[in-house]
Amino acid sequence: ILILSSFFRLLSVIFSKGYGMSDDHFLIIEQAQKLLNVATNDWFPTDHNQVTQPTGHPFLYTGLHYLLFRFLESINITEPQTKMYIVRFIHAVYSLSIIYFGFKIAERLSNINTAKTVGLLLGLLWFMPIMSVRNLIEFVCIPPLLYATWLFIKTEVRNRWINYFWIGMLLGIAFNIRFQTFTFLAGFGLSMLLLKKWKEILLTLLGFVICIAIVQACTDIFIWKKSFAELSEYIRYNIENANNYITQSWYMYLTLIAGILIPPISLFIMFGFIRIWRKYLILFLPAFIFFVAHSIFPNKQERFILPTIPFIIIGGYIGWTEYKDKSVFWLKNIKLLKGFWIFFWVINFVPLCAVSVAYSKKSRVEAMVYLSHKN
């Protein structure tokens, strides 16, 4: 599963140049490069530019790209496309952890056959390879969230107290990549409360607070001379501009999930996800609260819901399998279900091949790369 998934991600590394949405270039790549270009810098707060307040974006992910670009330029790798080949390759390798943790969670909560299907879905769903190489914080925050969930599930069987501290650290890292994950974190904490994990909550909270203090507070103090400056600006900006971007109906994300996971399999997975709400609370509640919060908030864009998709796939397929194995109808109609899955993989294969090699924003990127070689 990992080898096959790596193949399509490698196709995206090589051929899927450019960027998908504005944020994955202009909030990550451009800012990291501008920080290197001190002479023409127009965003980093110094005495010689116009930026005087935070923009509401966490610095961790951008800062890691700054360190990468600084290293690459130190060894004379300055060509833009070459840099982005390296960036996409790192992201592709990083994204394989989603498949690994998803597989392990499904194997622990269900069985090896369920885990195999979950792994294939996480690895070969038509939009996963190209999303894996994009600089989208909505996708990059998924591995620490999944790792934290896997650690929790594993630790319930073999109780190691230190793991809860690391769970808190992982949740803190996800939060420092994307502030919007606070609703997921709230669901994670609520799950632990409902499971009566009192001491475990304190250790998790300790890990979270330490991570936030080191990464968020210290960075903001260094840059802006006050702690949590970016987070405060993020909250203020989103409250004041909730209706100033794309607004959609509350059910927009429901129809989106039903479509991109390809019906009727998508409907089976969504049904299965609802079924697990009580049995696998730690898998269901964080993603559910995140999903509901984003469905209520007026500003809706497709990428915002990306962090929940692996959890919906994992929990949904586990729930669907448990239902299907006990359903008289489906036990009598195995060929029908097999036909649905053949339909799913055939339909999925076409956009998988096309989208994985798509060069997004090609005209803009090629024009600027051409100019970058000119004096």
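Buried means under 20% relative accessible area. The views below come from a predicted model.

**View 1. Ala287, a buried residue of helix 15**. Ala287 sits in helix 15, which covers residues 281–296. Its relative accessibility is 1%, so Ala287 counts as buried. Which residues does Ala287 contact, leaving aside its neighbours within four places in sequence? They are Phe184, Phe273, Thr308 and Phe311. Ile305 is 18 residues from Ala287 in sequence. In space, the two C-alpha atoms lie 9.6 Å apart.

**View 2. Helix 5 packs with helix 18**. Two packed helices are described by the angle between their axes and the distance between the axes. Here the angle is about 25 degrees and the axes of helix 5 and helix 18 are 12 Å apart. Angles under 35 degrees count as roughly parallel, and helix 5 and helix 18 are therefore roughly parallel to each other. Their crossing is left-handed. Helix 5 brings Thr117, Leu120, Leu121 and Leu124 to the contact. Helix 18 meets them with Trp341, Phe344, Trp345, Asn348 and Leu352. By class, seven residues in this contact are nonpolar, two are polar and none is charged.

**View 3. Helix 3 and its buried residues**. Helix 3 runs from residue 60 to residue 74. At 1.5 Å a residue, its 15 residues should span 21 Å, and the end C-alpha atoms are 21 Å apart, so the two values agree. Tyr61, Thr62, Gly63, His65, Tyr66, Leu68, Phe69 and Leu72 are the buried residues of helix 3. They pack against helix 2, helix 4 and helix 7. Just after helix 3 comes Asn76, with a positive phi of about 65 degrees.

Key. Residues numbered from 1 in each chain as written. Predicted model: local features only at pLDDT ≥ 70, side-chain atom pairs only at ≥ 80, totals over all residues. Heavy atoms only, no water. Axes fitted to C-alpha atoms, helices over the stretch in contact; angles between N-to-C directions. Helix = DSSP H or I, 4+ residues; strand = E, 2+ residues; numbered from the N terminus. Parallel < 35°, antiparallel > 145°, perpendicular 65-115°, else oblique. Left-handed = near helix turned anticlockwise from the far one by under 90°. Contact = heavy atoms within 4.5 Å. Nonpolar A, V, L, I, M, F, W, Y, C, P; charged D, E, K, R; others polar. Buried < 20%, exposed > 50% of the residue type's maximum accessible area, 1.4 Å probe, protein only. Expected span 1.5 Å × (residues − 1).
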